[in-house]
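Hi,

Here is the structure I promised to pass on.

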Amino acid sequence: MTNSLTIARIPGDGIGVDILEAASLIVDRAVAKAGLPALTYAHIDAGAGYFKETGRDIEPGGEERAGQADAIFLGAIGLPSVRQADGTEIAPHLRLRDIYGLYAGVRPVRAYPNAPQRLADPRAAEIDLVILRESTEGLFYSAATHGRSLVVADREARDTLLITRETTEKLHHFGFRLAEKRKARGRPGKITCVDKANVFVSMAFFRKVFDEVAAEYPDIEAGHNYVDAQALDLIRQPWAFDVLVMENMFGDILSDLGGGLVGGMGMASCAEIGDEIGLFQPAHGTAPDIMGQDKANPLATILSGALMLDYLGDKSGIQGYSDAADAIEAAVQSGFEQNRLRPMEFGGDMGTEAVTQEVLTLLDA
Ligand code: ATP
């Protein structure tokens, strides 16, 4: 008998609370249908609301408890109206990335039928790529929550962009393995290193390590693109790409562009994976403009739940979790094909609850 896996559950703020509840229902149903024991959830309070009440951004011992779980499932954190004294928003999840070395930010960008296509070219229906965003260093090494920036007497401020060999090697190996995994599922098996190696020493180093790692994967086509050209190409020919690996800040920006390409942020799922644990959350924020109105699209979180199950499958070696992940992806795909998923985000008639119920029905089919 398989033991139950433990998931640290951090709902956070705004729409985070509703979409995490929705996605947990879907994940639980998929796990049950795969004949696996129910997941055990460990709730952790964190976020702007919690900070406002207590002066802390995460409950005491919350970081340690999160790290003891098999995976962390997070809604969204931060509200523009609640800020630290330096003006930055509440962001304990950035510390979790740091503490647990969650270097591999996996952000799939995939076009679903009947979801809005932002590009007129019919090939946009074929968009199926992954942005692999390094998530612990790069320019976010200086994220305000880490207190590493240098401010000189209100006259000057400096942030540091850090690229280390250790993290970059792991990142690129992760990218090539991802390309191999996708190739086994019928994708081209191609990876592009996105950088600014023509201007920055740090970026030239990022590319150098990529080229070294590429030599170990002769079956995967490895290419390069400068980040500005990549922004252009994501509009001009996004269907031509498979895995795109890049520094943290570039990934932050281009993954929003990617989310926009295939509808909106409500489709943008995300996994952040380290050596010991993974954190799964939608790539979007707390969307205060629509919170509490049943308008949020829960699919980004539901698809992040599928990424979590796939990760648990790899981590535990139990195929049932990977099957449960595939079942969720197939339900979403077929829901769009049959026009049974019509999120309000895309001008449809279905709010958070209606989308969730429909995915449950599709899973049961
Ligand atoms: P952050 O900096 O934390 O990413 P943000 O305020 O810049 O936060 P989001 O919270 O992602 O960005 O919101 C950006 C826009 O996308 C908002 O108009 C929001 O309503 C919309 N949006 C984000 N997530 C969803 C969702 N799940 N469903 C519908 N609309 C969404």
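Below is what I found, going from the whole protein down to a few residues.

Two things before you start. This is a predicted model, so I kept to its cut-offs: local features need pLDDT of at least 70, side-chain atom pairs count only at pLDDT 80 or more, and totals for chains, interfaces and linings use all residues. Residues are numbered from 1 along each chain as its sequence is written.

**The whole protein**

The protein has 11 helices and 12 strands. Here helices (H or I, at least four residues) and strands (E, at least two) are DSSP runs, numbered from the N terminus. Its C-alpha atoms fill a box of roughly 55 × 50 × 45 Å along the principal axes. The radius of gyration is 20 Å, which agrees with the value near 21 Å that a compact globule of 365 residues would have. That radius is taken over C-alpha atoms, and the globule rule is 2.2 Å times the number of residues to the power 0.38.

Of the 365 residues, 48% are buried. Buried means that 20 or more other C-beta atoms, placed from the backbone, lie within 10 Å of the residue's own; exposed means 12 or fewer, and partly exposed is in between.

**Strand β5**

Why is strand β5 (residues 128-134) largely enclosed by the rest of the structure? Because six of its seven residues are buried. Strand β4 (residues 104-110) runs antiparallel to β5, joined by seven bridges, and Arg 110 stands opposite Asp 128 in β5. With strand β10 (residues 243-246), β5 pairs in the parallel sense over four bridges; there, Val 130 stands opposite Val 243. Two strands count as paired if DSSP finds at least two bridges between them.

**Val 227**

Val 227 sits in helix α7 (residues 227-236). Is it buried or exposed? Val 227 is buried, with 21 other C-beta atoms within 10 Å. Leaving aside neighbours within four places in sequence, Val 227 is in contact (C-beta atoms, placed from the backbone, within 7 Å) with Val 194, Asp 195, Lys 196, Met 246 and Phe 250. Asp 195 is 32 residues away in sequence, yet 5.2 Å away in space, C-alpha to C-alpha.

**Around the ligand**

There are 15 residues around the ligand, and Gly 266, His 284, Gly 285, Ala 287 and Asn 297 come nearest.

Cheers

Key: Near = placed C-beta within 6 Å. Contact = placed C-beta atoms within 7 Å.
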